[in-house]
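The entries follow in the order in which I made them.

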Amino acid sequence: MAVSSNSSGSNGGKMGVGGGGGGAMDNGKYVRYTPEQVEALERLYHECPKPSSMRRQQLIRDCPILSNIEPKQIKVWFQNRRCREKQRKEASRLQAVNRKLTAMNKLLMEENDRLQKQVSQLVYENSYFRQQTQTAALATTDTSCESVVTSGQHHLTPQHPPRDASPAGLLSIAEETLTEFLSKATGTAVEWVQMPGMKPGPDSIGIVAISHGCPGVAARACGLVGLDPTRVAEILKERPLWFRDCRSVDVINVLSTGNGGTIELLYMQLYAPTTLAPARDFWLLRYTSIMEDGSLVICERSLNNTQNGPSMPPAPPFVRAEMLPSGYLIRPCEGGGSIIHVVDHLDLEPWSVPEVLRPLYESSTLLAQRTTMAALRHLRQISQEVSQPNATGWGRRPAALRALSQKLSKGFNEAVNGFADEGWSMLESDGIDDVTLLVNSSSGKTMGVDLSYGNGFPSMSTSLLCAKASMLLQNVPPAILLRFLREHRSEWADSGIDAYMAAAVKAGPCSLPLSRAGNFGGQVILPLAQTIEHEEFMEVIKLENMGHYRDDMFMPGDIFLLQLCNGVDENAIGTCAELIFAPIDASFSDDAPIIPSGFRIIPLGSSMRDPSSPNRTLDLASALDVGPAGNKASGDYSGQCGNAKSMMTIAFQFTFELHLQESVAQMARQYVRSIIASVQRVALALSPSNFGPHAGLKPPPGTPEAQTLARWICESYRCYLGVELLKCEGSEANLKTLWHHSDAILCCSLKQLPVFTFANQAGLDMLETTLVALQDITLEKIFDENGRKTLCSEFPQVMQQGFMCLQGGICLSSMGRPISYERAVAWKVVNEEEQAHCICFMFINWSFV
């Protein structure tokens, strides 16, 4: 055990030793080091804080000034030095936590004062309305009096005096905006309620609230960041860099005010989140000023006709939305950093979108997640990058990785919206309007994309084609579905298409891909970067042995995708889930072209949380641990869905040579439609069940939940063969035992062309497939000619007798590999009404030949 010492700085140091000399002794316990000796030891400590015995002996040999010190003494010096470093770091951490807690306590006290004022105001308004009601009841015949409703409106909504476009008029609007913003940020102008799932604390993003009962949608947040107020203001004004839905902010005019403030006239455009709604734009006034207490204020509001100020004509296809007084209050914090209050209050004109999409434009929770909290997260991220500027993933600094994620997100938003001023034009439909195709031949879109012929000459022309679609999903948690799409790419993607898309960032021309679905190599996920709260992360996907096109030939090799993923936490309320990716070259150069594609899933309305809802599932995909995406028990999210809906938007971009436009368009349509079909199958598999005592619904015929199907299989086996299939009791135990049974158990439908509808893990391994792709495999496909003849001759026996036994033979996997089995049993599976539901096969002692 090392003893304490004071060996630091130029005063030298004392180290505890067991005895023995070298150096000046002090009462036989300590040895005092010279400044030169301490400097040599410190130099080695910075190189290697924990040197080995050989390294310490080497130090003594290399430094003559340490030759009179024993190795044991040096060992103790390093022990004490590490201990002091640990204590210093811990003290620094505790000081930082103390500063955070002090500032958070101040915020909570202010919030408590605001809530007390709000309670007082509500008590006053309650008594006021009660008095007015009594007065109205006593004077019902007095028609000259205003109604209670009218007088209440006048009390709560003050009328704005008209303004004009002169500097004085704009300053009047600005000062009024400032007053209204502060009343929302720190006052009681809006009734705020704590956002579900958000709890303040030293490690939280801050205090987040959403509006209750006010016009439009509004969200408010306050938090701490380790940046000075001026820097915070600069970052927040650059809205497109942190607000992913913001396409652009143009400063039309700037005016200086006499009080040292600034008035700016802004035109802002926001992307539409889905293909089914138009984008939004805003005509804004932004007022920046410094308050008497040194706080910085940035407040904004829309300019409209009621204020008689400067106007901006409509800009189709955008829908003009309104920003009510909003902004940022930035106060310096004791000990460094800033305390920030953020208010966002918008009227997004929900009348302009289909009724099913209106929850997107009427949800304060969604506004809080995508805008208000995004501002605080971005500030915290930059604060961390300032304190830890070292390179991280693949030798890139955090700011460079953040720029890459913004590039991916912006490219995907551009594809979803397809603005004409970016060069996009729509292609004619093929008669089915489920998939929309757009092309873009502008040089800016294909800049950096290499589509040259093998002889070195450039191709005739390069263009981009975007295939996009939106679909409504029910009872599927967006986070669970997105995790499945991320971790099981082979369930929905076509390896030939991936190879074609990857060819855009490699040398050589792009030929039309050949469909190679199911021939995926391995998928390796390489982490690259993540945000502080891990709500967003970036990674590189390596698809091994996939290949690419070169000189009109398919060359085997690896494909790399840069991928951005967010919204995978199913416990977050109102979170949008996104999976955006783009092929990159293995060199991963900074100037590599980024052509993103991907998925976006947005919940429609608030999530339904009912702790009493049953933890039940529709099938094995959501009930068992079938992979990383299925590690959450169904009970973790079944209560969140209920009858919840979400909107999925899909957009895929393809580069092509102009003379291949028609062929690429046909390929893109088919590919996106196949993805939609795959997503629908996955969504059905991941959807929690809605039946139970609270739902009052029965499962639709032909789609029993997993535990019910497992019970039917076991009961039918016992009925027809007279023995137990599984040695367990209880529906959940049946389900798990059936899934992990060593023999391959498969169910097929009773249609004219039977297809497989279920398989346990051994069955999936035998067929070399997955639960989703299983539905594409027919029964006759897995048997050879002799097996098919035997099956046809004895299949009626199953329907009459209830079961049949097959002798050992050979069958085929979905990849065409021969499989031998010792014997097989087939039996009829019946439901509670004694009606045949499916045929179940069990292949015993199977193995690949």
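**Entry 1: cavities**

I found that the largest cavity has a volume of about 350 Å³. I worked on a predicted model, where local features need pLDDT of at least 70, side-chain atom pairs count only at pLDDT 80 or more, and totals for chains, interfaces and linings use all residues. Residues are numbered from 1 along each chain as its sequence is written, and side-chain values use heavy atoms, leaving out hydrogens and water.

A cavity here is a set of points on a 1 Å grid over the protein atoms alone where a 1.4 Å probe fits but cannot get out, and lining residues have an atom within 4 Å of a point. The volume is the space filled by probe spheres set on the points, which are joined across faces, edges and corners. I noted four cavities of 30 Å³ or more in the structure.

I then listed the lining of the largest cavity: of its 24 residues, Phe243, Asp245, Leu270, Leu348 and Thr371 are the closest to the centre. H9 gives the most to this lining, with four residues. By class, the lining has 17 nonpolar, two polar and five charged residues (Ala, Val, Leu, Ile, Met, Phe, Trp, Tyr, Cys and Pro are nonpolar; Asp, Glu, Lys and Arg charged; the others, Gly among them, polar).

**Entry 2: helix packing**

I looked up H9 (residues 364-387) against H10 (residues 398-417): they pack at an angle of about 150 degrees, with axes 10 Å apart. Helices are DSSP runs (H or I, at least four residues), numbered from the N terminus. Axes are lines fitted to C-alpha atoms over the stretch in contact, and angles run from 0 to 180 degrees between N-to-C directions. H9 is therefore roughly antiparallel to H10 (over 145 degrees). His378, Ile382 and Glu385 of H9 meet Pro398, Ala399, Arg402 and Gln406 of H10, contact being heavy atoms within 4.5 Å.

Definitions and conventions:
Helix = DSSP H or I, 4+ residues; strand = E, 2+ residues; numbered from the N terminus. Parallel < 35°, antiparallel > 145°, perpendicular 65-115°, else oblique. 1 Å grid on protein atoms, 1.4 Å probe; cavity = no way out; pocket = protein on both sides within 12 Å on 5 of 7 lines; lining within 4 Å.
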